[in-house]
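Colleague: I would like to learn how to read salt bridges in a model. Can we work through some cases together?

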Amino acid sequence: MDYKKLPKEQLLALLAEEQKSFKKLQKEGISVDMTRGRPCKEQLDLSVGLLDTLKNSDFKSSGVDVRNYGCPEGIKEIRELFAELLGVRAEEVFAQDNSSLSLMYDLVQFAKQFGIMGSTPWNKLPAVKFVCPAPGYDRHFSICEALGIEMITVPMLEDGPDMNLVETIVKNDPAVKGIWCVPKYSNPTGITYSDSVVERLATMETAAPDFRIFYDNAYFIHVLKDTDDKLKNIFDVARKAGTLDRIYMFASTSKITFAGAGIACVAASENNIAELKKRFFFKTIGPNKVNQLAHAIYLKDKNNVLKLMKKHADILRPKFDLVDRMLAEDFAGDEFVRWSKPNGGYFISLDVKSCAKRIVELANAANVKFTNAGATFPYRIDDHDMNIRIAPSVPSLQELEFAMKVLISAIKQARMELVLKKSFAHTFE
Ligand SMILES: Cc1ncc(COP(=O)(O)O)c(C=O)c1O
């Protein structure tokens, strides 16, 4: 509905009616948390068998007793499995414990403290900057903020970051040391980088010789629909171009097995892996190899992982479909309310210009929680106050239906309030 075309009295009446329905929803006493992209219980239950895998095992991996210290780069089987999944070589995989995010933090921290391959430690430089495509993953931006790295926002387009801008920035400023990328089913917009974006990232000219692409491949195998987006293998491109050292690729089994007890890895050139081994030598005498072996036995190979991911998709798809259907019922064709329809990943990205903060605030008042508006932008600055990240994985379908009723009502109220404020500012309280 175009609220702008309505006379003030009619709009006020419509708003009052919407507020009345909203109050009814508030009284239902349901709470829904959609702040983060977590797997739901049914998804976690899929991998409980993992805990039985070691019952009859001799705890050996290529002669190494996984219960003991050692093997800082991770066990052979898990390195081979990630290599097969990510399209890299086993020697290029450094597998650790739970959480790729913690590896990302470590690698930025190492660069700050020690530099990379002999470069000046970033701590000793007057400024260090990262390119941050936005909307993007809030935790990437939090790492930059926590570690004092200046963020340069570049727009996220339909096929990846605005590469014209990225190329200009990294070519001209040696203080720009990195870029955050979620190349497949990106968080939150759900897009996958085009071949051209991958090629340009791998081959662009960088002023900083120790520039690194923090290539967070969190959703590399997390397809929801029949069509799986194709992501060009950046390792293949960089290998040919002689730029392999610039890539740190991250992945984990957080959304394959257990988000709280998975395996994470960084895939990188053998030069980078050699340096990582040196850095980790002082940090740990080895990762949790018992969990790595359990994962290797349980997950077996790519084919088996794909079968498991299909089960995840069967649980998640109805939830994504519900969000899409309910938004479409109210806002199909509405130029002010736009949302993504991703083929995979964990998020639906909703854009409602100039209203995001108010919508999240209203939803909160009905106990439906979203990530704070603005969180998907560096420094939480969403210039157009428009992006909201919907994470539909955790709630049940019934809870999700309730949450969507709240969200839809919040969108309508926020937009009516905005029109009233803008068009009738002199008389609207
Ligand atoms: C883009 C992205 N990277 C990383 C993570 C966290 O990964 P991990 O559980 O391996 O730390 C998430 C979790 O939502 C994510 O969306």
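Predicted model: local features only at pLDDT ≥ 70, side-chain atom pairs only at ≥ 80, totals over all residues.

Modeller: Lys283 and Asp106 join their side chains in a salt bridge, at 2.6 Å from N to O. Lys283 sits in the loop between α9 (270–281) and α10 (289–299), and Asp106 in helix α4 (residues 100–114), so the pair ties together parts 177 residues apart in sequence.

Colleague: What is the general idea behind such pairs?

Modeller: Side chains of opposite charge can pair when their charged atoms come close. By the rule used here, the count is 24 salt bridges.

Colleague: Are Lys283 and Asp106 buried or exposed?

Modeller: Lys283 is partly exposed, with a relative accessible area of 46%. Asp106 is buried, at 11%.

Colleague: Where do Glu329 and Arg325 lie?

Modeller: In helix α11 (residues 302–331), four residues apart, which is about one helical turn. Glu329 is exposed, with a relative accessible area of 58%. Arg325 is partly exposed, at 46%.

Colleague: Which parts does the pair of Asp330 and Lys412 tie together?

Modeller: The closest N and O atoms of this salt bridge are 2.7 Å apart. Asp330 belongs to helix α11 and Lys412 to helix α13 (residues 397–423), so the pair links parts 82 residues apart in sequence. Asp330 is partly exposed at 34% relative accessible area. Lys412 counts as buried at 18%.

Colleague: Which residues do shared partners join into one network?

Modeller: Arg36, Asp138 and Arg389 are joined that way by salt bridges.

Conventions:
Residues numbered from 1 in each chain as written. Heavy atoms only, no water. Salt bridge = Lys/Arg side-chain N within 4 Å of Asp/Glu carboxyl O. Helix = DSSP H or I, 4+ residues; strand = E, 2+ residues; numbered from the N terminus. Buried < 20%, exposed > 50% of the residue type's maximum accessible area, 1.4 Å probe, protein only.
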